[in-house]
Amino acid sequence: MKPIDWAALTGMVTGVSAITLSIANYLRDRPCVKLTLQWDQYAVQLFQGEPMLHPFDDPKKLWGLVTVTNTGRRPIYVSHVCLRLPGGKPRPSLVLRDGLRGQQLGEGDPPLGYPIEQADLVKHAKYWRKIRAEVIDSTGKRWRSKATRRWVAPPSWAKAE
């Protein structure tokens with residue numbers, strides 16, 4: 001083989017490996033949002049006499065909690081957070097008031113938590129298992145929480161009926 005053939009072969013191998021690495025980096029560096037939806041959470045007041053800053057601080061109530069975590073490498077901007085209810089077209093949703101403010105969530109940032117007052121959800125008790133949390137980012141992409149597993153006990157507001 002002539003030196004020019006070796007140079008062409010080296011160029012071809014490095015070019016293919018560079019494209020492969022670029023595609024792998026692109027797929028790895030995308031944002032990835034994980035959502036969890038938890039029911040029957042108590043708020044605990046850490047210090048006696050401390051003023052309540054948020055209605056979520058009321059220790060006598062049970063709350064739902066939507067937690068948004070960015071596990072990807074690119075930051076996202078959370079546009080709004082809602083609860084997606086089953087049935088109907090278009091599918092109805094309940095927008096969380098605290099989730100309307102919009103917030104950036106980068107890699108390594110602490111998770112965002114959005115409380116839900118459970119007293120308002122009694123009318124949706126018969127299909128509580130199908131309620132999912134949903135986040136819509138600034139690009140319009142929808143991220144949804146996983147469906148509730150069959151072995152999970154119903155929350156207190158779903159047992160009311």
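Two strands are taken to pair if DSSP finds at least two bridges between them, and helices (H or I, at least four residues) and strands (E, at least two) are DSSP runs numbered from the N terminus. The views below show a predicted model, in which local features need pLDDT of at least 70 and side-chain atom pairs count only at pLDDT 80 or more, while totals for chains, interfaces and linings use all residues. Residues are numbered from 1 along each chain as its sequence is written, and side-chain values use heavy atoms, with hydrogens and water left out.

View 1. Of its 161 residues, 30% count as buried, where buried means under 20% relative accessible area, exposed means over 50%, and partly exposed lies in between (1.4 Å probe, protein chains only). Arg28 belongs to helix α1, which covers residues 3–28, and is partly exposed, with a relative accessible area of 46%. Although Arg28 and Gly72 are 44 residues apart along the chain, their C-alpha atoms are separated by 7.8 Å.

**View 2. The open sheet β1-β2-β6.** Three strands form an open sheet in the order β1-β2-β6, with antiparallel pairing. Its edge strands are β1 (33–42) and β6 (112–117), each of which pairs on one side only. From one strand to the next the twist averages 20°, with axes taken as lines fitted to C-alpha atoms, for helices over the stretch in contact, and angles running from 0 to 180 degrees between N-to-C directions. Strand β2 (residues 62–70) is joined to β6 by 6 bridges, the two running antiparallel, and Trp63 stands opposite Glu117 in β6. Thr67 is also found in strand β2; Thr67 counts as buried because its relative accessible area is 18%.

**View 3. The partners of strand β3.** Strand β3 (residues 76–84) runs antiparallel to strand β5 (residues 103–105), to which 3 bridges join it, and the bridge partner of Tyr77 in β5 is Gln104. A further 6 bridges join β3 to strand β7 (residues 132–137), again antiparallel, and here Leu83 stands opposite Ala133 in β7.

**View 4. The largest nonpolar core.** A nonpolar core is a set of buried Ala, Val, Leu, Ile, Met, Phe, Trp, Tyr and Cys residues joined through side-chain atoms within 4.5 Å. The largest one has 25 residues, and those with the most contacts inside it are Trp39, Val66, Val68 and Leu83. Strands β1, β2, β3, β6 and β7 each supply at least two residues of this core.

**View 5. The second largest pocket.** On a 1 Å grid over the protein atoms alone, a pocket is an open set of points with protein on both sides within 12 Å along at least five of seven lines, and lining residues have an atom within 4 Å of a point. The second largest pocket has a volume of about 300 Å³, a volume being the space filled by probe spheres set on the points, which are joined across faces, edges and corners. Its lining has 17 residues, of which Leu35, Thr36, Leu37, Ser145 and Lys146 lie nearest its centre, and β1 gives the most to this lining, with 8 residues.

Note on methods: On a 1 Å grid over the protein atoms alone, a cavity is a set of points where a 1.4 Å probe fits but cannot get out, and a pocket is an open set with protein on both sides within 12 Å along at least five of seven lines; lining residues have an atom within 4 Å of a point.
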